[in-house]
Amino acid sequence: MPRPHHHVYVIELHPDVLLEHKFRACNPGYVEGRPCVYVGMTGLDPDVRFDKHKAGIQSNAYVFKYGRRLLPDLYEGFNPMRYRDAVDKEIEVAIDLRSAGFGVWQA
């Protein structure tokens, strides 16, 4: 069985992302002043993946434009994991953060 090497990661986005209609529309329960984040999953180290986003390589547009930094306190505890577990965990983390009033964009 292959060694687990997938990671869920969370990137802080600049609050200006709230000016994007599509982002705002996906976060009707956003609580003013809470962080805005991108939640993703990768087979790479999260630092490498963040650098690729910022360089425009297979990048999410919101991360490319508004990405500030990784928020390892929100994900380090459960990485690395198997692919299937990472797929599920990405969704779970996004739901948890959104229910806590965060603005969330999830791949």
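**Figure 1. Four helices and four strands make up the protein.** This is a predicted model. Along the sequence, the elements follow the pattern β-α-β-α-α-β-α-β. The radius of gyration is 13 Å, close to the 13 Å that the globule rule gives for 107 residues, so the protein is as compact as a globular protein of that length. Along the principal axes, the C-alpha atoms fill a box of roughly 45 × 30 × 20 Å. Of contacts between residues at least 6 apart in sequence, 75% join residues at least 24 apart.

Figure 2. Of the 107 residues, 42% are buried. The accessible surface comes to about 6200 Å². Carbon and sulfur atoms account for 54% of that surface. The protein carries 14 positive and 14 negative charges. Their mean positions lie 4 Å apart.

**Figure 3. E12 and R69 meet through their side chains.** E12 belongs to strand β1, which covers residues 7-13. R69 belongs to strand β3. A polar contact of 2.7 Å joins the two side chains.

**Figure 4. The surroundings of E12 and R69.** Residues up to four places away in sequence are left out of both contact lists. E12 touches C36, V37, Y66, G67, R68, R69 and L71. R69 touches V10, I11, E12 and F50. R69 and F102 are 33 residues apart in sequence. Their C-alpha atoms are 16 Å apart in space.

**Figure 5. C36 is a buried residue of strand β2.** The strand covers residues 36-42. The relative accessible area of C36 is 2%, under the 20% cut-off, so C36 is classed as buried. Which residues does C36 contact, leaving aside neighbours within four places in sequence? They are I11, E12, L13, V17, L18, F23, Y30 and G103. One of them, E12, is found in strand β1. C36 and G101 are 65 residues apart along the chain. A distance of 9.2 Å separates their C-alpha atoms.

**Figure 6. K89 and E92 are joined by a polar contact.** K89 sits in helix α4. The contact runs between the two side chains and spans 3.1 Å. K89 also contacts V8, F78 and M81, when neighbours within four places in sequence are set aside.

**Figure 7. S99 is an exposed residue of helix α4.** Its relative accessible area is 62%, over the 50% cut-off, so S99 counts as exposed. How far apart in space are S99 and G29, C-alpha to C-alpha? The distance is 7.6 Å. Along the sequence, S99 and G29 are 70 residues apart.

**Figure 8. Q58 has a positive phi.** The angle is about 45 degrees, although Q58 is not a glycine. Q58 is in the loop between α2 and α3. Helix α2 covers residues 46-55. Helix α3 covers residues 61-66. Is Q58 buried or exposed? Its relative accessibility is 66%, over the 50% cut-off, so Q58 is exposed.

**Figure 9. A cis peptide bond joins N79 and P80.** Omega is about -10 degrees at this bond. Where is P80 found? P80 is in the loop between β3 and α4. Strand β3 covers residues 67-70, and helix α4 covers residues 83-99.

Conventions
Residues numbered from 1 in each chain as written. Predicted model: local features only at pLDDT ≥ 70, side-chain atom pairs only at ≥ 80, totals over all residues. Heavy atoms only, no water. Helix = DSSP H or I, 4+ residues; strand = E, 2+ residues; numbered from the N terminus. Polar contact = N/O pair within 3.5 Å; in protein donor to acceptor, adjacent residues only side chain to side chain. Contact = heavy atoms within 4.5 Å. Buried < 20%, exposed > 50% of the residue type's maximum accessible area, 1.4 Å probe, protein only. Rg over C-alpha atoms; globule rule 2.2 N^0.38 Å. Areas by Shrake-Rupley, 256 points an atom, 1.4 Å probe, with all protein chains shown as cover. Lys, Arg positive; Asp, Glu negative; His and termini not counted. Charge placed at Lys NZ, Arg CZ, Asp CG, Glu CD.
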